[in-house]
Amino acid sequence: MIPKIIHYCWFGGKEKSEDVKCLIGTWKKYCKGYVIKEWNESNFDINQCAYCRDAYQHKKWAFVSDVARLWALYHEGGIYMDTDVEVLRPLDDLLEHKAFLGFEGTQWIATNIIGAEPKNELIGKFLNSYQQREFIKADGSLDQTTNVEEWTRMLTHSYGLILNGEKQQIHDFTIYPSEYFTPYDYLNGKITCTPKTYTIHWFSQSWIGNSKWRTKLSQLFHRLIGIKMK
């Protein structure tokens, strides 16, 4: 079973906004008896790989989090959540899985919530892949490929994931439709919650930068990447 631990990342030392505090409050409300563990500079080794070290030095906290969340899940197990995730009901039913993920729409695997038992094989494989990756490219630009793209590519190309948005069993991961964890469509602003919905991901998209352009840039990014992956 997945242990009752909720992991989240908060690098950079900035004070949490009231929105973030409110969302974490929903975790505490519906996840009674869970340990809620923050990962930051004090308890995570940012120098464990060049990718993570360089992302940290460039203050790209979301990409540091990409590594830290995998490290936490692999070594301790539990449920990782982004700090822009709202919990709507208890997550206890999900603990029976060996591991779980959800779709974002029908073409992408979402990484805002990931659950796994300790020492999960795919989590370990993905974590180890960062040892061979460089955050600073040869031309000096930064590799800001999202883990959404990386997870989707890995599961489709190596494990037979079908990009149809439907529930699937891939290796030891149960993959859920978007209504379970990601019912908010940031492209059109619509929310399609159902009785099956556990969480809402509100897509802060902090990795993009200036909030004025986040939605338009994210929409363009997904479309371009979708063309590239076909």
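**Charged and aromatic side-chain contacts**

At 59% relative accessibility, E15 counts as exposed, because the cut-off for exposed is over 50%. This is a predicted model. E15 forms a salt bridge with K21, and their closest N and O atoms are 3.1 Å apart. K21 has 37% relative accessibility, so it counts as partly exposed.

The structure has 11 salt bridges in total. Another one joins D143 and R133, at 3.3 Å from N to O. Both residues lie in the loop between α4 and α5, so the pair ties together parts that are 10 residues apart in sequence. Here the setting is buried. D143 has a relative accessible area of 13%. R133 is at 14% and is buried too.

Next comes helix α5. E149 and R153 both lie in this helix, 4 residues apart, or about one turn. They form a salt bridge whose closest N and O atoms are 2.5 Å apart. E149 is buried, with a relative accessible area of 2%. R153 is partly exposed, at 25%. Shared partners extend the picture: salt bridges join R133, D143, E149, E150 and R153 into one network.

The charged end of R89 sits over the ring of Y198, 3.7 Å from the ring centre.

Now the aromatic side chains. The structure holds 20 aromatic pairs. One of them is Y8 with W27, an edge-to-face pair. Their centres are 5.6 Å apart, with 70 degrees between the planes. The angle counts as edge-to-face because it passes the cut-off of over 60 degrees. Y8 lies in strand β1, residues 5-9, and W27 in helix α1, residues 18-30. The pair links distant parts of the chain, 19 residues apart. Both Y8 and W27 are buried.

Y51 and F135 make another edge-to-face pair, at 5.3 Å centre to centre and 85 degrees between the planes. Y51 lies in helix α2, residues 50-57, while F135 lies in the loop between α4 (121-129) and α5 (147-159), so the pair ties together parts that are 84 residues apart in sequence. Y51 and F135 are both buried.

This pair belongs to a wider group. Y51, F63, F126, Y130, F135, W151 and F173 form one aromatic cluster.

Notes: Residues numbered from 1 in each chain as written. Predicted model: local features only at pLDDT ≥ 70, side-chain atom pairs only at ≥ 80, totals over all residues. Heavy atoms only, no water. Phe/Tyr/Trp six-rings, centres within 6.5 Å; stacked < 30°, edge-to-face > 60°. Helix = DSSP H or I, 4+ residues; strand = E, 2+ residues; numbered from the N terminus. Buried < 20%, exposed > 50% of the residue type's maximum accessible area, 1.4 Å probe, protein only. Lys NZ or Arg CZ within 6 Å of the ring centre and 35° of its normal. Salt bridge = Lys/Arg side-chain N within 4 Å of Asp/Glu carboxyl O.
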